[in-house]
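Me: I would like to go through a protein structure that is new to me. Could we take it step by step?

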Amino acid sequence: MNLPLALAPVDAGAPLDVLARIYGEPLLELPKDLYIPPDALQVFLEAFEGPLDLLLYLIRKANLDILDVPMAPLTAQYLEYVEAMRATNLELAAEYLLMAAVLLEIKSRMLLPRPPRENAEEEDPRAELVRRLLEYEQMKLAAARLEALPRVERDFEWVGVFVAEKVVERLPEVSLHDLQLAWLRIMKKARLNQSHRVGREQLSVREHMTAILRKLGDGAFVVFDTLFDVELGPPGLVVSFLAVLELVKERLVDVTQNEAFAPIYVKLADGTRNDA
């Protein structure tokens, strides 16, 4: 039977036997068919990870010296906690009962008179228990330090950042055969525009180098064929071709092409300044 119960407010004029109010109406007695499960109300003690954790808690709570623990009051307090746990969870209290037996044994050994022994010091009955408590406390402190460290998905989340790598395009290298084919095409054009002239011309490779550098002055790629003026005739084209080869030799220009058998392009080399 589920009823919306509410605690009765304090009212000087209300009867003293009002237990609660249901929709504003006073409830003077509990319903006969009201069922309250046995575990409806539970009292949770401090959460302990084992009997050593409980013992360490009792020692630190009483501000006792762990190396000189008074067994009588410690055992009494321990048994009170174990009895409270037995009332709620017998299976959980099994390992605690084992520690209770150990405490009672140590307590009895300390209370019973011990016969004197010559040339022998009897070991303190608490020594083994103190050693276990100290080791457990060290591990507990170490675990607390590890727990305090930042942890993924609890204190922070991993963030992935995509970094796009820039791939430098590597253009095919220009071989001597490619230059030869380009030169033959230029000579072919020169023969189609050949005219008869009589005279002697002074041709300078350096002057042609300067002229080519001027054409490449803006740093852009220039088609190889456009560097040659077919009006100069074969002698001028030969000198211009030698000028290009000299510029390549001195690493003043770069010669490249987009793919095999594609047009050849020429540009100023990086760091080259055209002062001509």
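Predicted model: local features only at pLDDT ≥ 70, side-chain atom pairs only at ≥ 80, totals over all residues.

Me: What about contacts across the sequence, say between residues at least 24 apart?
Reply: Taking contacts between residues at least 6 apart in sequence, 58% of them join residues at least 24 apart.

Me: Let us turn to helix 1. How many of its residues are buried?
Reply: Eight of the eleven residues in helix 1 are buried, so this helix is mostly covered. The buried ones are Pro51, Leu52, Asp53, Leu54, Leu55, Leu56, Leu58 and Ile59.

Me: What do they pack against?
Reply: The buried residues of helix 1 pack against helix 2, helix 3 and helix 4.

Me: How does one describe two packed helices?
Reply: One gives the angle between their axes and the distance between the axes.

Me: Then what are the values for helix 1 and helix 3?
Reply: Helix 1, residues 51–61, packs against helix 3, residues 94–111, at an angle of about 55 degrees, and the axes are 9 Å apart. Helix 1 is therefore oblique to helix 3.

Me: Which residues meet there?
Reply: From helix 1 come Pro51, Leu52, Leu54 and Leu55, and they meet Glu95, Tyr96, Met99 and Leu103 of helix 3. Sorted by class, this contact has seven nonpolar residues, one charged residue and no polar ones.

Me: Now a couple of single residues. Is Thr75 buried or exposed?
Reply: Thr75 belongs to helix 2, residues 71–86. Its relative accessibility is 1%, so Thr75 counts as buried. Setting aside residues up to four places away in sequence, Thr75 touches Leu103, Leu104 and Lys107.

Me: And why does Glu137 count as buried?
Reply: Glu137 counts as buried because its relative accessibility is 17%, and the cut-off for buried is under 20%. This residue sits in helix 4, residues 127–148. Apart from neighbours within four places in sequence, Glu137 is in contact with Leu56, Arg60 and Ile66.

Me: Changing topic, which residues of helix 6 are buried?
Reply: In helix 6, residues 205–215, the buried residues are His208, Met209, Ile212 and Leu213. They lie on the same side of helix 6, because they cover an arc of only 140 degrees around the axis.

Me: And which exposed residues are on the face turned away?
Reply: Glu207 and Arg214 are the exposed residues carried on the face of helix 6 turned away from its buried side.

Me: What do the buried residues of helix 6 pack against?
Reply: They pack against helix 7 (233–249), strand 5 (253–257) and strand 6 (264–268).

Me: At what angle do helix 6 and helix 7 cross?
Reply: Their axes cross at roughly 70 degrees and come within 8 Å. Helix 6 is therefore roughly perpendicular to helix 7. Residues in this contact include Met209 and Ile212 of helix 6, with Val239 and Leu242 among those of helix 7. By class, the contact has nine nonpolar, three polar and two charged residues.

Me: Last one: what caps the N-terminal end of helix 6?
Reply: Ser204 does, with a side-chain oxygen 3.4 Å from the backbone nitrogen of Arg206.

How values were computed: Residues numbered from 1 in each chain as written. Heavy atoms only, no water. Buried < 20%, exposed > 50% of the residue type's maximum accessible area, 1.4 Å probe, protein only. Helix = DSSP H or I, 4+ residues; strand = E, 2+ residues; numbered from the N terminus. Arc of directions from axis to C-beta. Contact = heavy atoms within 4.5 Å. Polar contact = N/O pair within 3.5 Å; in protein donor to acceptor, adjacent residues only side chain to side chain. Axes fitted to C-alpha atoms, helices over the stretch in contact; angles between N-to-C directions. Parallel < 35°, antiparallel > 145°, perpendicular 65-115°, else oblique. Nonpolar A, V, L, I, M, F, W, Y, C, P; charged D, E, K, R; others polar.
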